[in-house]
Amino acid sequence: MTVLLKPIAWIGRVIVDGIASIGEVLCILLLTLKQMPHVFKNPDLIVKQMISIGVSSLPLLFVTSIFTGMVATVCAEFEFQNLVADKFVGTAACKMVLIELGPLLTAIVLSGRVGSAVAAELGSMKEKEELAAYTVLGLEPYRYLALPRFVAFMTMIPCLTAISNALALIGGWIVCVLGLDITTYTYTTGMQYLFDSMDLWSGMIKSLVFGVLIFVLGYYHGINAQAGARGVGLATMNVVVSSCLMILISDFILDAIMFF
């Protein structure tokens, strides 16, 4: 009988732990938002995080975005070959980049680069008891640690998404002109054809949601990291895995809300 109950007990623990984790993540977000009245009192901390999250991510984002646009354009040309006019290659590339590929791949890249860095930094601070020192000194950790990162995520990820969209479309144009024998005029005309402002705004809305997810998951795994180098390493791995998973799930939910 005990053997039969073990799987049920394991499932119960997983469900309870999952609900507790969701509650803690929501508490992190609410406690961070509670510190918003202090947002202009420490601008140096916010600028530092904006540079770390945004400016330092540009080289990696440049490479991934260019090749994302190239891949999208080549796939569109392969599917449309001998079926529709060449201008629809630009149309398909623009739709794919603005709605899906731009915000999605930008968020996934940043979850690996920035989300893991947040978890590693906070995990190391917890290991060295720096987080406890904030409380002892009467300083609010959410004001000095969470708020600057949250504001930086909310401001920089939409900017990085816009840059990624532009670079991806440039990458698609390079493939069209140099490899597919499609003129610049045909490509740009196709981009304008069937363009809807909702395509652009949907990507920006997604980027904000993805930014919130990367921030709260990075902070959550960072402050809950186990002791030692192994614990910090597991925290960084967990934030990348959980961020990518939640980004994909939220992407589907947002698409279902905005386009159906």
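Start by selecting Glu100: at 22% relative accessibility, Glu100 counts as partly exposed, where buried means under 20% relative accessible area, exposed over 50%, and partly exposed in between (1.4 Å probe, protein chains only). You are looking at a predicted model, in which local features need pLDDT of at least 70 and side-chain atom pairs count only at pLDDT 80 or more, while totals for chains, interfaces and linings use all residues. Residues are numbered from 1 along each chain as its sequence is written, and side-chain values use heavy atoms, leaving out hydrogens and water.

Lys206 and Glu100 form a salt bridge, with the closest N and O atoms 2.8 Å apart; the term stands for a side-chain nitrogen of Lys or Arg within 4 Å of a carboxyl oxygen of Asp or Glu. This pair links distant parts of the chain, 106 residues apart: Lys206 sits in helix α8 (residues 197-223) and Glu100 in helix α4 (residues 87-127). Helices here are DSSP runs (H or I, at least four residues), numbered from the N terminus. At 0% relative accessibility, Lys206 counts as buried.

Keep Lys206 on screen and select Asp251. These two also form a salt bridge, the closest N and O atoms being 2.8 Å apart. Lys206 lies in helix α8 and Asp251 in helix α9, so the pair ties together parts that are 45 residues apart in sequence. Both Lys206 and Asp251 are buried.

Asp255 comes next. Its side chain meets that of Lys206 in a salt bridge (2.6 Å, N to O). Again, distant parts of the chain are linked, with Asp255 in helix α9 and Lys206 in helix α8, 49 residues apart. Asp255 is buried, as is Lys206. Show the four residues together: Glu100, Lys206, Asp251 and Asp255 are linked in a network of salt bridges. By this rule the count comes to five salt bridges.

Next, display α4 and α9 as cartoons. Their axes (lines fitted to C-alpha atoms over the stretch in contact, with angles from 0 to 180 degrees between N-to-C directions) come within 8 Å and cross at roughly 150°. The two helices are therefore roughly antiparallel to each other, a label for angles over 145 degrees.

For the last stop, stay on helix α9 (residues 228-259) and pick Ile249. At 39% relative accessibility, Ile249 counts as partly exposed.

Methods
Parallel < 35°, antiparallel > 145°, perpendicular 65-115°, else oblique.
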